[in-house]
Amino acid sequence: MAAVSSAVPLTVKGTIRAPGDKSISHRALIFAAMANGQTRIRDILPSADVHATAAALRAMGVDIPALSEDFVVRGRGLDALHSPEQAFDCANSGTTTRLLTGLLAGLAGRAARFEGDASLSRRPMKRVAAPLSEMGARISFEGAAGHDGLPMRVSGQPLKALRYVNTHASAQVKGALLLAGLCGGVEVTIEEPVRSRDHSERMLAARGVRLEITDTSVTLPAGQVVQPADVVVPSDPSSATFFAALAAMADAGELRLENVCLNPTRTGAFDVLRRMGADIVVEHSADVGGELIGTLVVRPSSLVGAQIGGAEIPRCIDELPMIACLAARARGETRITDAQELRVKESDRIRAVVDNLRTLGVEVEEYPDGMRVVGSKTPLSGHVITHGDHRLAMAFGVLGALPGNHITIDDPGCVAVSYPAFWRDLTTAVGLGRAPAVAQGAGAAPSTTPLVVAIDGPAASGKSSTAQWVAQLLDVRHVDSGAFYRALTFLATETGEAPEQWTAETLLAHAGRVTWRLTERSVLPLVDGVEQDEALRGTNVTRNVSRVAAMPPVRLWVNTVVRSAGAAVDVVVDGRDIGTAVFPEAQLKIFLVADSWERARRRLIQRLGRRPNDAEIAEEVEALVARDAQDATQSAPARDAITIDTTTVTQEEQVERIVALARATRDRLHQ
Ligand code: S3P
């Protein structure tokens, strides 16, 4: 939860490099997986949505390393893609679901079940299922009768050509049909009333695929192959929009937004902001890999309401929550129409934005296809319900960073879907003294580039106690990812349902009740807003937590939460796959090892409170070795991790060594 502000005028300053574009990131992975050969991908967006696509492709046999700033995918072509053994967990990601549905549809003989979180499961999939079924794919919905959402089963078949006239502009539908055409080797034409974002077309052209493009249609001739091509992902204009809006609403200063993708199908929000009076100048622009990239300089100005509708809606659809929040601070009225599509995004964004603005004291009216927002200078205050929707958290986070407003946000961590470091960047933009929203825990203001020390290692290697001690000596916060698994386990035990019956789905149904707070010492999980430290350590929880932590969708959720928690402040984090999957960009990664006899001995001392005998140790070694085998994939050291063998050193010595390494890293970082 987060509270913000003072009435001191807001001066913005600095340069924000928003993370990689989400649409391009998904497509970079998918096209790399389809090609036969190496694709080097730089600056991908390492967010929860993109992780979901990477995980799904890995489950089909594609060798995709942990997402980092610069990595290579070694594609082996379409024939090497196999059916996943388990259902795809698409988490919150509509793009993952719809694009991969298209991919699978054309892979005859291969099939997958798609699952997602509660929000994604509510979203309509008929828009891709109907045309793909017309091409010959077999797609069935497994939920309640008449519900065209996840869970869904897609079975690839030999396809036939299709000319599809879509009634609304959708890049996900267009992308899915192009992928089906490529995998099935057949011609497809997609007509749209207005051109939707055209990253698929640009990226395919760069990969040797011939397309015939008109203003409102694209045709993929039959029998084409995607060639490998390197990609540098530009910054996401949807993410940059939050900072353009912040700068436009500030009192003084300027923000430079660098490396922004200025593809004309994506820049509607900047046009709208300009029409509302925003001072936005493009300083440098260049064509990089088929996309126009530029630096925007945005300065405060007086803002007026606007009419937004018609053909410009697809060009600013994802930015409308931010535009609506900005309208609350503009002179006069803003009307948004023709945006009914907003009702089926990560939340019903019309209802959710209207309700939240009204709660904060804004005069607002809901339309079936949009809203009317009346701007004012009245201080806004209240609690925002995000419904787990990343763009709502960020839009209201920006509003909350303005002087005089007092806004709390129920689930700030959900920004991890598209912009894990959002709160850190917001803190940078508004200045350290005015740490907004989630960054406003007790203790020191966050540094601009937070230090992340990631401590990993096999069971009983002493990760947690070491991390806690290291954090204390460095005077930074400790994040114990295990505590988040414990929080879910605790909620599941409370239902009385037998642990054998728990599934990732039933467990994650409780995820909305788990939030976190920054204390002086740690990132503390809260259950229903309350600290539950003792309950989380209870025997019932301890007995069942490893069952919970073994479920991949649960891991994905915890990783996402831990990432967003750690993105704002300096942290020492420990846990399985922390240095590989959760914080691949951590500046210091430690992998603790010790021989199994020593680990067993330490664990028993902790458990029994006395020195164990050799027979007891031997028995514990067996259990540990079995657990190591089970955990092998999840506990491999990151390539750049420093391995410390603690078999013959005291805990004090190993902590000292890590602290020394961390201090040196921090000095380098803050030079
Ligand atoms: C996306 C397309 C858009 C957009 C979404 C990402 C894509 O949805 O809202 O966030 O990457 O193709 P549509 O399918 O409505 O175009």
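Reader: Why does R372 count as buried?

Author: Buried means under 20% relative accessible area, exposed over 50%, and partly exposed in between, with a 1.4 Å probe and protein chains only. R372 has 14% relative accessibility, so R372 counts as buried. Please keep in mind that this is a predicted model, where local features need pLDDT of at least 70, side-chain atom pairs count only at pLDDT 80 or more, and totals for chains, interfaces and linings use all residues. Residues are numbered from 1 along each chain as its sequence is written, and side-chain values use heavy atoms, with hydrogens and water left out.

Reader: What makes R372 and E333 a salt bridge?

Author: The rule asks for a side-chain nitrogen of Lys or Arg within 4 Å of a carboxyl oxygen of Asp or Glu. The closest N and O atoms of R372 and E333 are 2.8 Å apart, and the pair forms a salt bridge. R372 sits in strand β21 (residues 370-374) and E333 in strand β19 (residues 333-336), 39 residues apart; strands (E, at least two residues) and helices (H or I, at least four) are DSSP runs, numbered from the N terminus. Both residues also belong to a network of salt bridges that links E333, R335, E363, E365 and R372.

Reader: Why is E333 called partly exposed?

Author: E333 has a relative accessible area of 34%, so E333 is partly exposed.

Reader: How do you know that R17 and D43 meet in a salt bridge?

Author: Their side chains come to 3.9 Å, N to O, and the pair is counted as a salt bridge. R17 lies in the loop between β2 (15-16) and α1 (22-34) and D43 in the loop between β3 (36-42) and α2 (48-59), so the pair ties together parts that are 26 residues apart in sequence. R17 is partly exposed at 45% relative accessible area, and D43 counts as partly exposed at 27%.

Reader: What makes helix α15 mostly covered?

Author: In α15 (residues 481-495), 11 of its 15 residues are buried. Among them are F484, Y485 and F490.

Reader: How many salt bridges does the rule find across the interface of domain 1 and domain 2?

Author: The rule finds five there.
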